[in-house]
Amino acid sequence: MNKTKIFYVEDDETLAFLTNEALVNEGFQVDHFNNGLDALNAFRKNHYDICLLDVMLPKMDGFELAKKIRENNNSIPIIFLTAKSMLEDKIEGLTIGGDDYIVKPFDMRELLLKVEIFLNRRSKSPAPGDIQITTFGDYTFDYANLILTYGQTTHTLTQKEGDLLRYFSNHRNTLIKRSEILEELWGRNDYFLGRSLDVFISRLRKYLSSDSKLKIENVHGVGFRFSVDA
């Protein structure tokens with residue numbers, strides 16, 4: 001059985017050693033790089049299952065690297081590992097296509113948990129009765145392959161985008177509390193993750209903008225409603 005392959009970019013030698021060791025001990029195969037340029041060249045030549053990217057990297061920073069990765073693969077999960085604690089930096093990482101972030105110094109157990117969550121969502125077989133292909137308005141959404149189709153136009157979503165769209169689809173025309181979404185998809189409810197949620201909702205609104213019958217509505221102070229007109 002092939003091991004899950006992790007694309008890991010970090011220029012701090014000590015942290016890289018400890019993180020690599022923890023991941024390998026969990027049974028993962030890890031390709032580690034200490035600069036963005038070498039990492040990008042390797043990414044274009046090999047298959048990986050998940051990306052762990054430091055932000056402050058030599059030759060090419062993590063944000064630019066993530067942009068290049070998204071040009072090649074829009075669905076692979078990207079988790080940023082960053083010492084930057086400013087909210088704007090976190091939001092920037094999500095805006096350019098990241099799925100999540102962990103602020104250094106981090107607990108290795110937190111990293112392993114996040115990696116497992118993303119990998120399980122990608123590999124999990126559909127449960128009996130779990131609808132993988134659904135329609136709303138003029139769109140068709142294939143959750144298993146993270147593909148959103150409108151006519152001849154297709155979008156390949158990131159894992160987090162796909163999880164959020166499926167959640168909205170399963171609760172269409174229903175008021176959903178912001179806290180419920182955060183607890184379900186991120187595992188906790190806090191201000192920073194709330195801002196992250198707003199970024200992902202903006203991305204979904206852009207993808208769904210071709211059909212006027214679909215709206216992701218803000219319900220001030222409460223949450224959202226995914227309105228689907230018949």
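In this predicted model, Lys213 and Asp211 form a salt bridge, with their closest N and O atoms 3.1 Å apart. Elsewhere, salt bridges with shared partners join Glu10, Asp54 and Lys104 into one network.

Lys104 bridges to Asp54 with the closest N and O atoms 3.0 Å apart, and both residues are buried. Lys104 sits in the loop between β5 and α5 (108-123), and Asp54 in strand β3 (residues 50-54), so this pair links distant parts of the chain, 50 residues apart. Another bridge joins Asp198 to Arg178, again with the closest N and O atoms 3.0 Å apart. Because Asp198 lies in helix α8 and Arg178 in helix α7 (residues 178-185), the pair ties together parts 20 residues apart in sequence.

Now turn to the sheet. Its five strands run in the order β2-β1-β3-β4-β5, open and with parallel pairing. β2 (29-33) and β5 (100-103) each have a single partner strand, so one side of each is left without a neighbour in the sheet. Strand β1 (residues 5-9) pairs with β2 over five bridges, and here Ile6 stands opposite Val30.

Finally, look at the packing. The largest nonpolar core holds 53 residues, and Phe7, Leu53, Leu65, Phe136 and Phe168 have the most contacts inside it. Helix α8 (residues 191-207) gives the most to this core, with seven residues. A second, separate core of 18 residues includes Ile6, Leu52, Leu81 and Ile102.

Key. Residues numbered from 1 in each chain as written. Predicted model: local features only at pLDDT ≥ 70, side-chain atom pairs only at ≥ 80, totals over all residues. Heavy atoms only, no water. Core = buried A, V, L, I, M, F, W, Y, C linked by side-chain atoms within 4.5 Å. Buried < 20%, exposed > 50% of the residue type's maximum accessible area, 1.4 Å probe, protein only. Helix = DSSP H or I, 4+ residues; strand = E, 2+ residues; numbered from the N terminus. Pairing = 2+ DSSP bridges. Salt bridge = Lys/Arg side-chain N within 4 Å of Asp/Glu carboxyl O.
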